[in-house]
Amino acid sequence: MDSNVRPETMARINTPELAKAFIDEQITKIRAQVGNDRVLLALSGGVDSSVVAALLIKAIGRQLTCVHVNHGLLRKGEPEQVVKVFREELGADLVYVDAVDRFLDKLAGVTDPETKRKIIGKEFIDVFAEEARKLTGVKFLAQGTIYPDILESHGIKAHHNVGGLPEDLKFELCEPVKLLYKDEVRMVGKELGLPDNMVYRQPFPGPGLGVRCVGAITRDRLEAVRESDAILREEFANAGLEGKVWQYFTVVPDFTSTGIKDGKRTDDWMVVIRAVNSVDATSATVPEVPYELLFKIRDRIFKEVKGVNRVLYDLSTKPLATIEYE
């Protein structure tokens with residue numbers, strides 16, 4: 001049977017007991033596959049790569065080396081959380097790469113969304129390859145491939161996983177969750193003890209905040225996206241909407257509008273709040289968010305985020321609009 005085809009007899013992992021049984025089974029399989037060799041993993045901090053990292057740490061400990069590339073396009077606090085959870089709490093051999101300036105310099109002045117994606121993807125592979133070449137004895141590349149990836153794109157995930165490495169870095173793949181659906185991966189992550197805000201992380205595009213800083217990415221607008229997004233997520237959580245609204249984030253377009261502050265005219269950015277409910281991202285509806293909550297978020301953004309003089313709420317459904325702006 002094709003190892004990339006989920007057996008019809010495979011039970012859905014929907015209880016802690018089934019998740020534990022899956023973990024025990026995979027630990028045995030990982031140890032049999034890897035032996036005493038080393039494994040390399042690009043750890044983005046997303047659900048899939050985080051669960052694979054935790055599973056491999058449990059199976060082979062420091063035979064695994066995780067590489068976390070901070071490209072400057074992650075949400076507030078995410079790089080710090082990756083280091084805390086995996087290096088400090090799980091004892092992982094974690095390589096942290098601060099590549100913020102490198103990525104943002106390459107993206108300066110680039111407005112086309114597809115070109116931005118290609119630059120981010122290529123630079124990620126280049127940085128990861130540089131780190132991989134510093135290591136010796138690596139035989140396996142672990143990836144957070146899950147079953148929908150196989151069904152949709154033959155198991156290659158742009159940005160999060162590393163298909164397309166140079167010829168001198170061709171490793172044997174280790175993909176322990178490749179037959180699982182996303183909800184099953186979350187169940188396994190929960191059983192492995194990962195924090196809820198990592199296990200239940202919202203869908204996040206491979207290029208990160210790069211596609212929410214619409215147009216040419218500038219550092220000031222990128223920080224406006226990051227800070228306003230953090231405020232939105234905090235206030236939705238405080239209001240009990242975390243887990244009830246499928247996805248929510250902020251966008252800062254590449255144009256300004258006039259405003260008034262301290263009796264003087266301003267020319268500042270606007271922040272767009274985007275919140276949607278969806279099952280599979282092929283269509284999406286817009287939830288009714290209480291005005292009182294929107295006003296609270298607006299006031300915090302005005303007070304805490306530099307260079308912003310307007311806050312908007314996006315009412316667009318999919319179709320006609322897409323969920324992301326780029």
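These legends describe close-up views of one predicted model.

**Figure 1. Overview of the predicted chain.** The chain holds 10 helices and nine strands. Along the principal axes, its C-alpha atoms fill a box of roughly 70 × 40 × 35 Å. A compact globule of 326 residues would have a radius of gyration near 20 Å, and the 21 Å of this chain agrees with that. Of the 326 residues, 52% count as buried. The chain exposes about 15,800 Å², and carbon and sulfur atoms supply 53% of that area. Contacts between residues at least 6 apart in sequence were also sorted by separation: 76% of them join residues at least 24 apart.

**Figure 2. Confidence along the chain.** Mean pLDDT is 94. A value of 70 or more is reached by 96% of the residues. Residues 155-160 stay under 50. For this stretch the model has 21 contacts beyond four places in sequence.

**Figure 3. Strand β8 and its pairing partners.** Strand β8 spans residues 264-276. Strand β6 (residues 247-251) pairs with β8 in the antiparallel sense, over five bridges. Val251 has Val272 as its bridge partner in β8. Strand β7 (residues 256-261) also runs antiparallel to β8, and six bridges join the two. Here Ile260 is bridged to Arg265 of β8. Strand β9 (residues 308-313) runs parallel to β8, with five bridges between them. In that pairing, Ile273 has Tyr313 of β9 as its bridge partner. Between β8 and β9 the chain passes through helix α10 (residues 291-304), and this β-α-β crossover is right-handed.

**Figure 4. The β7-β8 hairpin turn.** Two residues lie between β7 and β8 in this hairpin. Asp262 sits in the loop between the two strands. Its phi is positive, about 55°, although Asp262 is not a glycine. Is Asp262 buried or exposed? Its relative accessibility is 72%, so Asp262 counts as exposed.

**Figure 5. Ala281, in the loop between β8 and α10.** Ala281 lies in the loop that links β8 to α10. Phi of Ala281 is near 70°, a positive value in a residue other than glycine. At 27% relative accessibility, Ala281 counts as partly exposed, because that class lies between the 20% and 50% cut-offs.

**Figure 6. Ala132 and Glu131 in helix α5.** Helix α5 covers residues 113-133 and includes Ala132. Glu131 is in contact with Val67, Val95 and Val97. Ala132 and Arg274 are 142 residues apart along the chain, and their C-alpha atoms are separated by 37 Å.

**Figure 7. Leu179, in the loop between β5 and α7.** Leu179 lies in the loop between β5 (172-174) and α7 (182-191). Its relative accessibility is 18%, so Leu179 counts as buried. Which residues does Leu179 contact, leaving aside neighbours within four places in sequence? Ser3, Asn4, Val5, Arg6, Pro7 and Met10 are among them. Met10 and Leu179 are 169 residues apart in sequence, yet 9.3 Å apart in space, C-alpha to C-alpha.

**Figure 8. Helix α7 and its cover.** The buried residues of α7 are Glu184, Val185, Arg186, Val188 and Gly189. An α-helix has 3.6 residues a turn, so residues three or four places apart point the same way. Which elements cover the buried residues of α7? The cover includes α1 (16-34), α2 (47-60) and α8 (196-199). Just after α7, Gly193 takes a positive phi of about 90°.

Figure 9. Pro319 is found in the segment after β9. Leu320 has its place in the segment after β9 as well. The peptide bond joining Lys318 and Pro319 is cis, with omega about -15°. The bond from Pro319 to Leu320 is also cis, and its omega is near 15°.

Technical notes. Residues numbered from 1 in each chain as written. Predicted model: local features only at pLDDT ≥ 70, side-chain atom pairs only at ≥ 80, totals over all residues. Heavy atoms only, no water. Pairing = 2+ DSSP bridges. Helix = DSSP H or I, 4+ residues; strand = E, 2+ residues; numbered from the N terminus. Right-handed = clockwise from strand over helix to strand, strands pointing away. Rg over C-alpha atoms; globule rule 2.2 N^0.38 Å. Buried < 20%, exposed > 50% of the residue type's maximum accessible area, 1.4 Å probe, protein only. Contact = heavy atoms within 4.5 Å. Areas by Shrake-Rupley, 256 points an atom, 1.4 Å probe, with all protein chains shown as cover. pLDDT = per-residue confidence, 0-100.
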